[in-house]
Amino acid sequence: MGESRATHLAEPSHLAIAQSLVAGAERIAVLTGAGISTDSGIPDFRGPDGVWTKDPEAEKLSTISYYVSDPQVRKRSWKRYTEGLIWSNKSPNDGHKALVELERQGKLHTLITQNIDGLHEEAGTSPELLVEIHGTTKRTRCLSCGQELPMSHTLERVRQGEEDPACLSCGGILKSATVSFGQNLVPQDIMRSEQAAMNCDLFLAVGTSLQVYPVAQCVPLAHTAGTEIIIINAEPTPFDSIAAALLRGSISDVLPKVVGWQPPQL
Ligand code: NAD
């Protein structure tokens with residue numbers, strides 16, 4: 001993509017640019033990835049301490065063909081939930097809260113997240129502004145009849161001894177209400193994300209390696225529509241060259257500054 005528009009600038013200049021872009025914007029679309037939740041203690045997938053970087057086998061748990069065909073994969077998956085390895089006990093951090101502040105300022109157009117941890121809603125982002133493009137681990141869904149229940153309901157059954165609980169309605173296979181590899185994304189969610197990218201007046205990509213499509217496409221879509229892009233991510237992304245501001249610091253520290261919000265001192 002050629003040399004970044006932003007690389008010749010020192011980081012403080014990038015912060016000032018990002019602050020002034022946010023201050024002047026009225027309809028901000030935000031795309032978040034796993035990086036916004038690492039400061040809540042949830043590892044990302046592809047960062048240096050990522051789940052897949054450390055344990056490539058873990059990818060199987062997120063692949064629908066393995067999940068459907070192998071009861072052992074399902075048992076391992078439910079066990080990870082009950083052992084708290086899949087984040088039931090994690091809380092939103094100042095990065096999530098900064099986006100609630102952006103909504104409070106009346107500037108948040110849409111918050112598109114690749115995350116499945118439910119922390120944006122838990123922080124206080126309104127569900128109607130949120131597109132959870134890969135679903136959520138806060139609920140389970142039956143792969144046959146589609147019935148959804150709170151995750152806590154299903155985990156209680158696992159704790160009571162059902163290693164691979166079946167749907168109470170139809171006996172089908174239960175899974176978290178997430179979109180695994182091999183499952184289709186919800187077309188309305190993709191459409192909403194793309195519409196937000198084309199209709200916003202500023203686009204923020206936060207804590208995502210921008211390697212997962214089609215949602216990564218929102219960045220060039222916004223750029224083509226003439227919208228400025230801010231990227232906040234510890235590592236380079238394929239779209240750094242089209243960003244007006246590029247911030248590499250830790251999200252829970254940088255994002256509050258970008259939106260002009262001072263987290264309360266503990
Ligand atoms: P990713 O793992 O591909 O990339 C995360 C990026 O965030 C990395 O480039 C990393 O350098 C950066 N990062 C991590 N912590 C950071 C911090 N504190 N400050 C600044 N940057 C930081 O994540 P992705 O692009 O979201 O894609 C992975 C897929 O995995 C997603 O589709 C998502 O569904 C899923 N996932 C979700 C969660 C979650 O819900 N919290 C966690 C892991 C994976």
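Tutor: Happy to! Let me start with a helix and then move on to the pocket. Helix H5 covers residues 94-104, and its buried residues are Gly95, His96, Ala98, Leu99, Glu101, Leu102 and Glu103. Here buried means under 20% relative accessible area, with exposed over 50% and partly exposed in between, using a 1.4 Å probe and protein chains only. Helices (H or I, at least four residues) and strands (E, at least two) are DSSP runs, numbered from the N terminus. At the start of H5, a side-chain oxygen of Asn93 comes to within 2.7 Å of the backbone nitrogen of Gly95. After H5 comes Gly106, with a positive phi near 80 degrees.

Two notes on the model itself. This is a predicted model, in which local features need pLDDT of at least 70 and side-chain atom pairs count only at pLDDT 80 or more, while totals for chains, interfaces and linings use all residues. Residues are numbered from 1 along each chain as its sequence is written, and side-chain values use heavy atoms, leaving out hydrogens and water.

On a 1 Å grid over the protein atoms alone, a pocket is an open set of points with protein on both sides within 12 Å along at least five of seven lines, a 1.4 Å probe is used for cavities, and lining residues have an atom within 4 Å of a point. The second largest pocket is lined by 18 residues, and Glu132, Gly135, Arg141, Val186 and Asp189 lie nearest its centre.

Which elements build this lining? At least two residues each come from strand E3 (130-132), strand E4 (135-142), strand E6 (174-178) and helix H8 (187-199). E4 gives the largest share, four residues. Sorted by class, the lining has seven nonpolar, five polar and six charged residues. Ala, Val, Leu, Ile, Met, Phe, Trp, Tyr, Cys and Pro count as nonpolar, Asp, Glu, Lys and Arg as charged, and the others, Gly among them, as polar.

Where does the pocket sit? Domain 1 (1-42 + 91-134 + 185-266) and domain 2 (46-86 + 135-178) both give residues to its lining, so the second largest pocket lies between them. Those domain bounds come from an automatic or database domain assignment.

Methods: A polar contact is a pair of N or O atoms within 3.5 Å; within protein, one must be able to donate a hydrogen and the other to accept it, and residues adjacent in sequence count only if both atoms are side-chain atoms.
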